[in-house]
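This report describes the fold, the domains and the chain interface of the model shown below.

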Amino acid sequence: MTDVTRLTLAEARDALAAKKLSAVELTKAHLGAMEKARGLNAYVTETPEQALAMAAASDARIASGAAGPLEGLPIGVKDLYATKGVHTQACSHILDGFKPDYESTVTANLWRDGAVMLGKLNMDEFAMGSSNETSYYGPVASPWLPAGRDGAWAREALKGDKKGLLVPGGSSGGSASAVAAHLCLGATASDTGGSIRQPAAFTGTVGIKPTYGRCSRWGMVAFASSLDQAGPIARTVRDCAIMLRSMAGHDAKDATCIDAPVPDYEASIGRSIKGKKIGIPKEYRIDGMPAEIEKLWADGVAFLKAAGAEIVDISLPHTRTALPAYYIVAPAEASSNLARYDGVRYGLRVPGKDIQSMYENTRRAGFGSEVRRRIMIGAYVLSAGYYDAYYVRAQKIRTLIRQDFEKAYAQGVDAILTPATPSAAFGIGEKGSTDPVEMYLNDVFTVTVNMAGLPGIAVPAGLSADGLPLGLQLIGRPFDEETLFSVASVIEESAGRVALPQPWW
Amino acid sequence: MNAPANPSKLIKGATGDWEIVVGMEIHAQVSSRSKLFSGASTDFGGDPNSHVSLVDAAMPGMLPVINEECIKQAVRTGIGLKAQINHRSTFDRKNYFYPDLPQGYQISQYKSPIVGEGQVIVDVTPTEQITVGIERLHLEQDAGKSLHDQSPTDSFVDLNRSGVALMEIVSKPDIRSAEEARAYVTKLRTILRYLGTCDGNMEQGSLRADVNVSVRRPGEGLGTRCEIKNVNSIRFIGQAVEVEARRQIGILEDGGSIDQETRLFDPARGETRSMRSKEEAHDYRYFPDPDLLPLEFDEAFVEDLARDLPELPDEKKARFMRDYGIASYDAGVLVAERASADFYEAVAKGRDAKMAANWVINELFGRLNKEGHDIVSSPVSADQLGAIVDLISEGVISGKIAKDLFEIVWTEGGDPRELVETRGMKQVTDTGAIEAAVDAIIAANPDKVAQAQAKPTMLGWFVGQVMKQTGGKANPQSVNDLLKRKLGI
């Protein structure tokens with residue numbers, strides 16, 4: 001086999017099962033690719049020894065016929081998942097040197113099923129960002145090249161501040177970049193307002209945020225507890241389905257995690273969508289939407305219609321209020337969730353003359369500016385005198401948003417089709433430096449889904465005029481990820497698999 | 001709030017009478033094996049940081065999961081306080097920074113507590129009973145403990161208590177004196193101990209009180225209150241109310257006004273000191289904890305718990321008065337501790353219940369108090385005391401001899417019935433022997449005989465002489481009867 005990193009996760013699985021390939025070979029190939037791709041800055045920590053040991057153990061299990069569903073498949077792990085004995089910092093300076101002696105439920109599930117850990121992936125600090133530029137470990141570059149630039153120019157840019165290269169999106173930018181650059185077969189990611197779907201859309205990969213409660217949050221560094229949800233990014237819809245089946249499941253250690261059987265998601269790939277009702281929400285047709293996004297959406301409608309789906313116009317009237325409400329709820333929860341990083345028990349400590357100044361010095365040095373901004377917003381909206389005007393109103397809006405979706409589903413809609421992002425990937429250093437809201441607008445199509453706790457998948461559906469990937473989003477009924485996989489696989493097939501960039505790095 | 005003031009409770013100031021108004025927040029540690037949101041042990045006295053889970057230490061990515069036993073304990077307590085049980089309650093985060101608070105917030109119940117309004121009936125004196133309203137009871141996490149005496153330059157933190165379940169029981173401002181405050185906490189502690197929901201151990205910090213004190217002129221609206229934090233004994237609670245009320249009266253009578261603030265009681269100096277003013281008060285930024293779903297249960301859950309509850313002090317007291325015919329105050333004393341009530345019932349069963357009450361309260365409790373024992377470590381068992389009561393009822397010994405017998409049992413132990421035999425303490429009921437003594441005394445004292453015949457109250461002198469002669473063992477009734485007959489009175 002020439003380059004086994006070009007396989008999809010499903011193809012690699014089948015090759016391993018057919019003993020055409022060993023897990024150690026597959027893992028070594030990925031470790032080699034990672035080494036060559038360090039300039040992209042997708043991984044913050046590589047764990048080659050662990051990876052090879054896990055791969056060897058997988059080979060033994062395959063040989064003895066005891067292989068798990070993900071046996072021997074090398075994957076990357078977003079830095080916010082606690083991994084025992086391994087760098088776990090949510091890419092924040094404040095968790096300096098933190099290596100937990102526990103393993104998150106989601107990663108433990110993946111290892112149980114035989115997956116191999118390649119390392120920890122870069123991300124926006126505490127998952128706060130849409131471009132992976134807020135990471136303490138520096139920005140991640142997308143393997144996609146900006147229009148008019150060649151590999152030679154890009155290699156030079158990688159050595160410098162990466163300005164002009166494209167962002168992979170965020171917060172799961174390391175995951176998306178690594179998957180798109182073939183530095184892993186798939187990656188864990190997490191999504192609070194779009195952090196799986198937007199980077200997937202920016203990099204021509206597939207990402208699903210399952211229903212809130214589908215995956216355990218235990219051992220994931222919390223950003224906004226009522227919105228955070230684990231999910232995979234991979235190169236195909238099928239690969240996402242395979243990974244999600246292992247990641248999901250009940251966990252008594254997370255009170256918000258649901259106790260319901262996990263379906264065989266892969267079985268829904270290729271299932272007919274004939275007669276499925278697909279809703280098109282008029283409110284997602286926002287002012288100033290680029291023509292290429294309009295066209296992408298129309299193409300998606302055409303694909304689904306051709307596959308026998310029924311397209312219906314729907315209304316989700318409170319869509320416009322979702323983004324501002326999200327930027328109240330998420331920072332409010334974050335301001336409280338991040339209070340534990342106080343320099344007392346673990347991570348960074350910057351001494352001070354008393355406890356108060358130690359707190360101040362530690363948190364000033366440990367948190368980046370975007371995290372500090374959101375902590376301040378959160379503390380403000382929860383403070384006496386503002387709580388009702390901001391937090392309580394935002395919660396009411398949240399209820400209205402959920403009801404919008406419930407009404408649509410009550411009319412028989414099976415899934416809702418929207419663009420995943422308002423544009424293609426932008427350049428590193430291009431957005432948000434003067435006005436953070438410019439960056440927040442990236443989440444305009446995705447936050448509603450988190451606010452309502454619904455499943456959402458982003459799937460590549462075409463290219464922009466500049467030749468960059470564009471994604472469509474499908475939003476499902478609660479715990480009906482299967483329909484999303486079925487419908488998304490139709491789009492994937494109709495649009496044709498995206499040709500991911502050849503290595504230039 | 002404007003019930004007429006009880007004149008006997010008022011404090012005389014320089015410019016007239018003042019009424020004290022007190023409300024209390026009692027923090028009672030829930031009796032449970034593990035903490036409110038983690039599996040770590042709640043045992044007292046372990047090495048520092050030996051009972052700490054990842055959740056208690058607020059490690060990244062850790063999540064709280066409700067301990068159902070703590071919920072049951074809170075519901076049981078609510079039933080014991082005759083309070084409304086809320087089938088739906090929520091947990092909120094109270095945000096503030098402190099080294100012994102690892103999460104940076106305390107999980108508490110702010111908006112919707114598990115228990116609503118209830119009441120506690122309090123015996124203040126043998127003749128005075130008051131009812132103190134309960135505003136609410138909610139569950140919350142305890143904090144850890146900062147240790148400042150381990151190093152000259154650093155402080156250390158012990159998280160053993162971090163996350164232990166507390167019930168905060170908030171009273172209405174229905175308390176009007178230091179005495180009432182003490183009686184309220186005593187009664188509340190009794191109820192908690194009966195229920196087994198809190199051990200009530202104030203020395204170990206299982207029960208702490210925040211005492212809100214204000215004063216007002218009788219008939220006026222509520223004055224500005226000060227909150228005295230963390231008072232940890234019933235005696236100190238009384239003292240704190242007293243000194244704080246006097247401090248406030250002093251200020252008001254000098255034309256000043258009370259600043260709403262948090263204060264600390266210093267028992268050594270007998271004063272309260274300002275801890276922080278209202279302006280310095282934290283903004284706790286309460287909001288519902290998104291890691292926890294609302295806590296919901298149905299009426300059947302409550303009924304199951306109610307069915308298995310033990311008899312509570314008020315009901316037990318009523319039953320003692322009804323079944324044993326004892327007075328309200330005596331019954332109240334007996335039921336103050338479940339162990340005392342059980343002891344009393346063991347003594348009273350099948351015996352003269354009033355006599356049993358007298359012996360338990362006056363002889364036994366008196367002696368236990370004097371020697372610093374409690375009922376559990378009593379040197380005299382219920383069986384032994386019961387035997388003594390039997391011996392009196394059967395006329396085998398007199399009440400006076402019974403006290404001597406009690407003394408022997410207390411110090412030496414032994415079976416009272418055997419002791420009476422072996423030590424010759426039996427009452428003499430042999431009329432022959434008594435008659436001989438009576439005759440001898442009458443014969444020796446002709447002058448006294450004449451006096452007694454003129455004035456029958458002189459009979460007592462003769463009784464005394466006979467008892468002396470018989471070493472106290474003569475049956476007093478027989479002596480009386482014989483003397484009356486022989487003296488013709």
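## Overall fold

Chain A has 16 helices and eleven strands (DSSP runs numbered from the N terminus: H or I of at least four residues for helices, E of at least two for strands). Its radius of gyration, taken over C-alpha atoms, is 21 Å, close to the 23 Å given by the globule rule for 505 residues, so chain A is as compact as a globular protein of that length. The rule is 2.2 Å times the number of residues to the power 0.38. The C-alpha trace of chain A spans about 65 × 55 × 50 Å along its principal axes.

This is a predicted model, in which local features need pLDDT of at least 70 and side-chain atom pairs count only at pLDDT 80 or more, while totals for chains, interfaces and linings use all residues. Residues are numbered from 1 along each chain as its sequence is written, and chains are lettered from A and ligands numbered from 1 in the order in which they are written.

## Domains

An automatic or database domain assignment divides chain A into domain 1 (4–267) and domain 2 (320–394). Their C-alpha centres lie 27 Å apart. In domain 1 of chain A, 21 residues are in contact with 18 residues of domain 2 of chain A (contact: C-beta atoms, placed from the backbone, within 7 Å).

## Interface with chain B

Between the chains, 34 residues of chain A are in contact with 25 residues of chain B. Helix 10 (319–337), helix 11 (355–366) and helix 12 (369–382) of chain A each supply at least two residues of the chain A side. Helix 10 of chain A gives the largest share, three residues.

Notes
Contact = placed C-beta atoms within 7 Å.
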